[in-house]
Each structure stands twice: as C-alpha cells, then as structure tokens.
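I opened the notebook to go through one chain, element by element. The entries below are in the order in which I looked things up.

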Amino acid sequence: MPTQEPRPTIHVPGTTTHTLAPRTAREGTLRYLKAGTGAPLVLLHTVRTQAEHFRHLIPLVADHYTVYALDLPGMGYSEIVPGASYDEPAMRTGVERLLTELDLRDVTLAGESMGAVLALTTAADLPERVRRVVAVNAYDFPGGIARSSLLARVVVAGVLAPVVGPTIAGVEPKPALTKILQGGLGDKNALRGDYVDELLQVGRRPGYPTVARAVYQALPTLIAARSRYPEIKAPVHLVYGEKDWSRPSDREANRHLLPAADFTQLPGAGHFIALERPEVLADLLNAAA
C-alpha cells in the first residue's frame, strides 16, 4: 500500500490551500496558501521552512492584500521530484510559475532569507509583474546558517560531507533542530514547539533529506544571484535584523548594489523576523498597500 502523504499540523487562520499542477515531467506540484483581498502579496520562506513560516504575518496583512504563501519546490508540501535541481534558478522558476500561471500583476514580493534572494531575482526577471520587493535578511553571503552556532556548523558540515551526508541529512533530533533555529532569533521564545513539530513532520517525507542536502549544496548559487540585483526596476526595501547572520559588510554590499533601496534595521531582531517580529513586517507592508 502506498505511503499516505502527511498533512499540515498547523492551520493559518483565514487561509485556504491550493496547488499548481506541473507543466513538465521535470516539475512538481506546488502548494500554496491563499488569504485576504486586494493586490497580490507573495510570501517566500527561508531555508528548511515552508509557507507556515508566515503563520503570524498572514492574518496581519490579509485585510490589505490577497496573500499567496508558497511552498518552494520540494519543500513544505510541494512535490518532491527525484533528480530535481534546487539551485537558485530552479527555485526561482517555481516562484515565477506562481506569478505567471495565476497571472498575478502589481505584485509585492516579500521574502525572508533564501526567499528574499528569490524575491529580488524574480523581480529582475518579471519587471512587468512586480510592483515592489521587500527583502528580509537576504541569504546571499558565505557561511549563512553556519554562523548561527557551533552546532549549526557541525550539522551543516555533516550534511554536506561525502558518503555520510545523505544519512546525516535524514537525522533531525528535535532538540538539535530547535537549537539551530533559535540561533536565528533574538527572542528565543518566538520559536513555538508546534512549529518545530511541523517542520520535523515535513522532514520525514520520503525524499526530503535529499532535498535538504541539495538545498545546502546549492547555497553558493544564492550568492551568485547577487549579480542580478542591479537589474531590478521595482522599488526595493532591504530589511535586516540587528542580530542577523549577515555582517555589516554584507548589508552594505547590498546597499551598494541597490543604491535606491530603502533600508531598515530592526534592533534586537535575528534572522527569522517573520517569527519574532511579524507586526513590524506587517506595518511595513500595509503602509505601502
């Protein structure tokens, strides 16, 4: 008997779940959450998370936007396609499928971490559809999550190691995942146990360890994607947590590439601002709705 796919354990109030069918054998079904009314707002999550990463943000912006929170290819409950690529161009293709297949226009793209990079490069590709970009803690610098803690450095190095890497990628004790994610928070209490449980459930999907390892292997392509930033025509707002893994030099490098961008740094906040300071992101987004 085939294994039944798990279902999300978290429901975001006001949302409905939808899917986009694949166009080719190389693509998988994409899952997204939808809520609200108004111009489209597309939310793009971080490495190792999913649409529910925005569980606290979506209710705060749904009165101003029609919100689409996407599970990036192979992540969350989007389909895992054997042999698929998880480099930046491939993940960006997934984002662009959402915009083009739903014919979304006048779009605000808001992404965090990896999602911030994809929001920026999608805006470069689809200027006729993108109205604005809010890029939160863009994950486009060397080191990334390995700067979080010694544990994170050890785990990421293990996942990337030859031979043993696939095995390590499939082992995620809850205390270890909790500790790694807390390394991206100024307020450790912002990480809820039910959210960690949801991430662990997704991590047990058949094939997910392969996806996780491929994403980490592809992180250099997020750095390379910075070359696309000067092509962006839409207004950009760069948002960083004071305690983000990026260094001041990383942030200044992006300000140099995007000299017209607005810039906000949140005191005390870490990498996962959507978890610990969703009201700040909501105020920023709603002010420009």
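Does Asn-137 count as buried or exposed? I looked this up and found a relative accessibility of 0%, so Asn-137 counts as buried. The scale I used calls a residue buried under 20% relative accessible area, exposed over 50% and partly exposed in between, with a 1.4 Å probe and protein chains only.

Basis of the entries. The model is predicted, so I kept local features at pLDDT of at least 70 and side-chain atom pairs at pLDDT 80 or more, while totals for chains, interfaces and linings use all residues. Residues are numbered from 1 along each chain as its sequence is written, and side-chain values use heavy atoms, with hydrogens and water left out. Helices (H or I, at least four residues) and strands (E, at least two) are DSSP runs, numbered from the N terminus.

Entry: backbone angles. I found Asn-137 in the loop between E6 and helix H4 (150-160). Its phi is near 50°, a positive value in a residue other than glycine. I noted Arg-48 for a positive phi as well, about 65°, and Arg-48 is not a glycine. Arg-48 sits in the loop between E3 and helix H1 (58-61). With 7% relative accessibility, Arg-48 counts as buried.

Entry: the sheet. I traced an open sheet of eight strands in the order E1-E2-E4-E3-E5-E6-E7-E8, with mixed pairing. Two strands pair here if DSSP finds at least two bridges between them. Strand E1 (16-20) and E8 are the edge strands, each pairing on one side only. Neighbouring strands are turned by 20° against each other on average, direction ignored. For angles, axes are lines fitted to C-alpha atoms, for helices over the stretch in contact, and the values run from 0 to 180 degrees between N-to-C directions.

Strand E3 (residues 39-44) runs parallel to E4, and six bridges join them. Leu-41 stands opposite Val-67 in E4.

Entry: helices on the sheet. Helix H3 (residues 114-125) packs on the sheet and touches E3, strand E5 (107-112), strand E6 (130-136) and E7. The direction of H3 makes about 150° with that of E5. Helix H12 (residues 278-287) also packs on the sheet, touching E3, E4, E5, E6, E7 and E8, and its direction makes about 160° with that of E6. Contact means heavy atoms within 4.5 Å.

I checked the cover of helix H8 (residues 208-217) too: eight of its ten residues are buried. Among them are Tyr-208, Pro-209, Arg-213 and Tyr-216.

Entry: nonpolar cores. I counted a core as a set of buried Ala, Val, Leu, Ile, Met, Phe, Trp, Tyr and Cys residues joined through side-chain atoms within 4.5 Å. The largest has 70 residues, of which Val-42, Leu-99, Met-114 and Ile-232 touch the most other members. H3 gives the largest share of this core, eight residues. Leaving aside neighbours within four places in sequence, I found Ile-232 in contact with Leu-120, Ala-123, Ala-124 and Leu-258. A second, separate core of 26 residues includes Ala-35, Val-136, Leu-266 and Ala-282.

Entry: aromatic rings. Rings of Phe, Tyr and Trp (its six-membered ring) pair if their centres lie within 6.5 Å; planes under 30 degrees apart count as stacked, over 60 as edge-to-face and the rest as tilted. By this rule I have five aromatic pairs. Tyr-32 and Tyr-68 form a tilted one, 6.0 Å centre to centre with 45° between the planes. Tyr-32 lies in strand E2 (residues 30-36) and Tyr-68 in strand E4 (residues 65-70), 36 residues apart. Both Tyr-32 and Tyr-68 are buried.

Trp-245 and Phe-272 have ring centres 5.7 Å apart and planes at 85°, so this pair is edge-to-face. They are 27 residues apart, and each is in a loop. Trp-245 and Phe-272 are buried.

Entry: a loop residue. Arg-26 lies in the loop between E1 and E2. I noted Arg-26 as exposed, with a relative accessible area of 76%.
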